[in-house]
Amino acid sequence: MLKRIAILLSMAAPAVCADTSLSGAEFDRYTLGKTLFYGFEGRIYGVERYLPDRRVIWSFLDGNCKEGLWYEQEGQICFVYEDRHDPQCWVFTASGGGLIAQFEGNPEMTELYEKEDTDAEMVCYGPEVGV
């Protein structure tokens, strides 16, 4: 009987941990000073560099980088970027393989995951120069 309970508890524990969203302080501790690549449906989706004072630089790996800021709001981590002032809010959870980000905490919306093994690098080209 105790063996069954132990098995059931071990199966339930990861689910409980996976459902716990990161607070702003936890997110900051995990990300500060890192450059994280995010995947979506098996492909690299983009990359974000996490700087002091909750500043970030995002790129879709096209050489076009956007500076922004993040803040915590109602259990979500929200980002605003220089070219887009409406917040993009995500619920971040930690898994054994890294972060998982669910857009607006809605399971029917985009889910990104931290992609560890990648040969890509974050490249930011200078501002576009026109005539």
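This is a predicted model: local features need pLDDT of at least 70, side-chain atom pairs count only at pLDDT 80 or more; totals for chains, interfaces and linings use all residues.

Me: What makes phenylalanine 103 buried or exposed?

Reply: Its relative accessible area is 14%. The limit for buried is under 20%, so phenylalanine 103 counts as buried.

Me: And why is its pair with tryptophan 90 called edge-to-face?

Reply: The ring centres of tryptophan 90 and phenylalanine 103 are 5.0 Å apart, with 70 degrees between the planes. Pairing needs centres within 6.5 Å, and planes over 60 degrees apart count as edge-to-face, so both tests are passed. Tryptophan 90 is buried too, at 12% relative accessibility.

Me: What parts does that pair tie together?

Reply: Strand β6 (residues 84-95) holds tryptophan 90 and strand β7 (residues 98-103) holds phenylalanine 103, so the linked parts are 13 residues apart in sequence.

Me: How many aromatic pairs are there altogether?

Reply: The structure has 11. One of them joins phenylalanine 27 and tryptophan 70: centres 5.0 Å apart, planes at 85 degrees, so that's edge-to-face. Phenylalanine 27 sits in helix α2 (residues 24-31) and tryptophan 70 in strand β4 (residues 65-73), so this pair bridges parts 43 residues apart in sequence.

Me: How do you know whether those two are buried or exposed?

Reply: Phenylalanine 27 has 0% relative accessibility, so buried. Tryptophan 70 comes in at 3%, so buried as well.

Me: Which cluster do ring pairs make?

Reply: They link Phe27, Tyr50, Trp70, Phe79, Tyr81 and Phe92.

Conventions: Residues are numbered from 1 along each chain as its sequence is written. Side-chain values use heavy atoms; hydrogens and water are left out. Rings of Phe, Tyr and Trp (its six-membered ring) pair if their centres lie within 6.5 Å; planes under 30 degrees apart count as stacked, over 60 as edge-to-face and the rest as tilted. Helices (H or I, at least four residues) and strands (E, at least two) are DSSP runs, numbered from the N terminus. Buried means under 20% relative accessible area, exposed over 50%, partly exposed in between (1.4 Å probe, protein chains only).
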